[in-house]
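Please keep the sequence and the structure in view while reading.

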Amino acid sequence: MIVVSAVWAPLACAEDVQSSSGAAGPVFSNSGPDADIYGAASGYPKGTRATTTQLDKLVGAYSHFDEIYPSRRISRAAVPWQFKRAPEPSIAYSFGTERLSIGDYLKRNPVTGLLIARDDTILYEHYQYSRTDHDRFLSQSMAKTLVSMLVGIAVSEGRIKSIDDLTSTYVPGLAGTEYGNTSIRALLNMSSGVEFSEVYDGHDDIARLGRALFVEETKDPAAVIAQFNTRIAPPGTRWHYASVETEILGLVLRSATGTPVADYLHDRIWDAIGTEADASWAIDGSGQEIAFCCFNATLRDYARLGRLLAHDGAWEGRQLIPRQWLLDATTVRPSDGYLAPRVATPYFGYGYQVWILPGEQRRFALLGIRGQVILVDPVSKLVMVHTAVRQKPSEPGALREPLALWFAVLQQIGQ
């Protein structure tokens with residue numbers, strides 16, 4: 001899953017430093033909650049492959065992941081698009097019995113970067129633990145939504161004929177397997193009905209998948225996926241979070257487009273939205289992007305992506321992602337009640353690799369373990385980008401405080 005544990009022990013942060021004297025801009029802090037635990041004394045080291053989950057290496061690993069694992073570079077835009085800036089708003093939110101400020105939020109939560117933008121204007125941009133606006137932050141499962149958007153583009157280009165096609169149509173290596181006999185639509189909705197465990201205990205199926213892919217020797221990713229081959233429910237009837245299903249979508253994309261997923265992203269989205277920095281995507285031993293995770297980008301470039309999604313796939317008058325695809329991706333069809341908010345999970349619903357918030361107004365989120373979040377409100381065009389290093393990968397209730405802050409942002413500056 002993607003919910004993560006809250007860290008409650010506050011630590012007085014080092015004095016915040018504005019990017020330029022008195023001007024609106026990013027604010028940097030050398031410290032953050034439990035900074036000593038996260039390796040402050042050692043300069044937040046990035047560690048090695050063997051230490052990426054150690055607490056004192058999380059800050060470094062989650063901002064230098066592409067220096068630890070082989071990754072494909074995604075070049076920044078030829079012509080960068082610049083956000084405007086406005087003075088920071090005063091934001092207060094309620095959590096439990098407390099009334100807190102956004103500054104309190106940073107003191108209570110192990111946030112590496114927090115950015116709030118309304119359409120083309122950045123309202124708030126803070127960094128902790130000596131991270132800066134030049135660091136590329138690890139997406140974890142936020143990458144899944146990128147994959148979904150690329151599938152939608154491939155469909156519009158006729159490269160994927162229909163999302164009701166079986167995956168084996170595009171990935172012959174899965175022919176004769178349960179996943180090969182599953183539609184692309186069911187994978188988009190995480191409703192294949194194939195058994196896959198993802199509880200982050202180091203012994204589950206996601207650990208097995210990761211160990212097989214994050215290696216240097218060449219392995220056929222389809223053969224790795226084929227080991228998960230027990231169907232426990234009919235496709236399209238039950239939601240169950242399984243990162244392997246996004247991995248298959250990545251193979252479908254590579255086959256259908258004839259292009260590495262990272263290159264396809266660059267050509268269809270990354271260059272067009274005027275990104276200011278190179279991004280990267282981790283690859284397996286065969287050179288295939290690890291589609292379910294491990295995209296890396298700066299905070300402002302994540303905000304550019306969020307703005308694109310807030311505009312339903314349009315950027316400055318150009319439709320990059322088909323609008324209907326984005327509407328379908330962030331809306332539950334009446335016939336798919338099992339995907340609805342408070343049904344699929346106690347809170348969120350699920351679309352095409354996108355988390356859907358409850359309520360009459362369409363709002364959605366990209367989520368990743370340990371606190372990676374992009375929240376999007378298409379009506380107000382508000383976007384909140386939140387990168388973090390929570391101590392546990394996943395824990396029920398960990399998104400309550402980020403969501404409390406988000407709804408306060410919507411209420412106070414969403415007009």
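Helix α4 (residues 143-156) packs against helix α9 (residues 261-270) at an angle of about 70 degrees, and their axes lie 11 Å apart. The model is predicted, so local features need pLDDT of at least 70 and side-chain atom pairs count only at pLDDT 80 or more, while totals for chains, interfaces and linings use all residues. Residues are numbered from 1 along each chain as its sequence is written, and side-chain values use heavy atoms, with hydrogens and water left out.

- Axes are lines fitted to C-alpha atoms, for helices over the stretch in contact, and angles run from 0 to 180 degrees between N-to-C directions.
- The contact (heavy atoms within 4.5 Å) involves L146, M149, L150, I153 and A154 of α4, together with V261, Y264, L265, R268 and I269 of α9.
- Nine residues of this contact between α4 and α9 are nonpolar, none is polar and one is charged.
- The crossing of α4 and α9 is left-handed, meaning that the near helix is turned anticlockwise from the far one by less than a right angle.

**Packing of α4 with α8**

- α4 also packs with helix α8 (residues 243-257), at an angle of about 35 degrees and with the axes 10 Å apart.
- The crossing of α4 and α8 is left-handed.
- From α4, the residues K144, V147, L150, V151 and A154 meet S243, T246, L249, G250, L253 and T257 of α8.
- The residues of the contact of α4 with α8 comprise six nonpolar, four polar and one charged.

**The largest pocket**

- The largest pocket (an open set of points on a 1 Å grid, with protein on both sides within 12 Å along at least five of seven lines) has a volume of about 780 Å³.
- Its lining has 29 residues, and T52, T53, Q140, A207 and I369 are the closest to the centre of the pocket.
- Helix α6 (residues 205-213) supplies the largest share of this lining, four residues.
- By class, the lining of the pocket has 15 nonpolar, seven polar and seven charged residues.

**The largest cavity**

- The count comes to one cavity of 30 Å³ or more, a cavity being a set of points where a 1.4 Å probe fits but cannot get out.
- The largest cavity holds about 60 Å³ of space.
- Lining residues, which have an atom within 4 Å of a point, include M190, S191, R238 and H240 for the largest cavity.
- The lining of the largest cavity divides into four nonpolar, four polar and two charged residues.

Technical notes:
Grid points are joined across faces, edges and corners, and a volume is the space filled by probe spheres set on the points. Helices (H or I, at least four residues) and strands (E, at least two) are DSSP runs, numbered from the N terminus. Ala, Val, Leu, Ile, Met, Phe, Trp, Tyr, Cys and Pro count as nonpolar, Asp, Glu, Lys and Arg as charged, and the others, Gly among them, as polar.
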